[in-house]
Amino acid sequence: MPSELHERGLARRKEVLGAAQVAQTYTNVDQYTAPFQEIVNEYVWGAVWARPGLETRTRCLLTIGMLTALNRPNELKTHIKAALDNGVTREQIMETLLHANVYCGAPAAVEAFRCMREVFGAMDGAQK
């Protein structure tokens with residue numbers, strides 16, 4: 001039975017990433033990855049993202065910077081889209097990546113800008 005922290009985390013995850021994105025993630029969950037998803041919901045989304053100390057937009061920008069530093073393009077694309085869906089502007093994302101370039105290095109920023117353009121392009125295509 002899921003804990004209260006798990007339920008709070010799952011709700012927050014859906015709020016930030018969108019219910020469709022979370023549902024897509026769960027299509028690939030099996031007996032081996034289900035415990036991991038439970039931990040992600042409880043700790044990442046329930047214990048950290050649900051804290052009141054930072055606005056969602058700030059958390060989104062921090063996450064984009066950290067995923068750039070870690071060079072995690074798949075997660076970065078997910079969080080760029082989520083940031084836009086949560087009120088972060090394209091210019092703010094660009095500025096975050098420019099700032100990350102200084103601290104993370106050009107190769108990481110090059111990949112991050114590729115991810116940004118891919119997400120922006122997909123969103124522009126969906127709007128047409």
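This report describes the fold, surface and selected residues of a predicted protein model.

## Basis of the model

The model is predicted: local features need pLDDT of at least 70, side-chain atom pairs count only at pLDDT 80 or more, and totals for chains, interfaces and linings use all residues. Residues are numbered from 1 along each chain as its sequence is written, and side-chain values use heavy atoms, with hydrogens and water left out.

## Overall fold

The protein chain contains seven helices and zero strands, in the order α-α-α-α-α-α-α from the N terminus. Helices (H or I, at least four residues) and strands (E, at least two) are DSSP runs, numbered from the N terminus.

The C-alpha trace of the protein chain spans about 45 × 35 × 25 Å along its principal axes. Of the 128 residues in the protein chain, 33% are buried (buried means under 20% relative accessible area, exposed over 50%, and partly exposed in between, with a 1.4 Å probe and protein chains only).

## A nonpolar surface patch

Ile39, Tyr43, Val44 and Val48 make a nonpolar surface patch of about 360 Å². Patches are made of residues with over 30% relative accessible area and no salt bridge, with like charges joined within 9 Å and nonpolar side chains (Val, Leu, Ile, Met, Phe, Trp, Tyr) within 5 Å. Accessible areas come from the Shrake-Rupley method with a 1.4 Å probe, and for residues only the protein chains shown count as cover. A salt bridge is a side-chain nitrogen of Lys or Arg within 4 Å of a carboxyl oxygen of Asp or Glu.

Val48 belongs to helix 3 (residues 34–49). Val48 counts as partly exposed because its relative accessibility is 32%.

## A charge over a ring

The charged end of Arg90 sits over the ring of Phe120, at 4.4 Å from the ring centre. The rule requires NZ of Lys or CZ of Arg to be within 6 Å of the ring centre and within 35 degrees of the ring normal.

## Individual residues

Asn71 lies in the loop between helix 4 (56–70) and helix 5 (73–85). Although not a glycine, Asn71 has a positive phi of about 55°. Asn71 has 41% relative accessibility and so counts as partly exposed.

Ala126 is located in helix 7 (residues 106–127) and counts as exposed, at 66% relative accessibility. Ala126 and Lys81 are 45 residues apart in sequence, and their C-alpha atoms are 13 Å apart in space.
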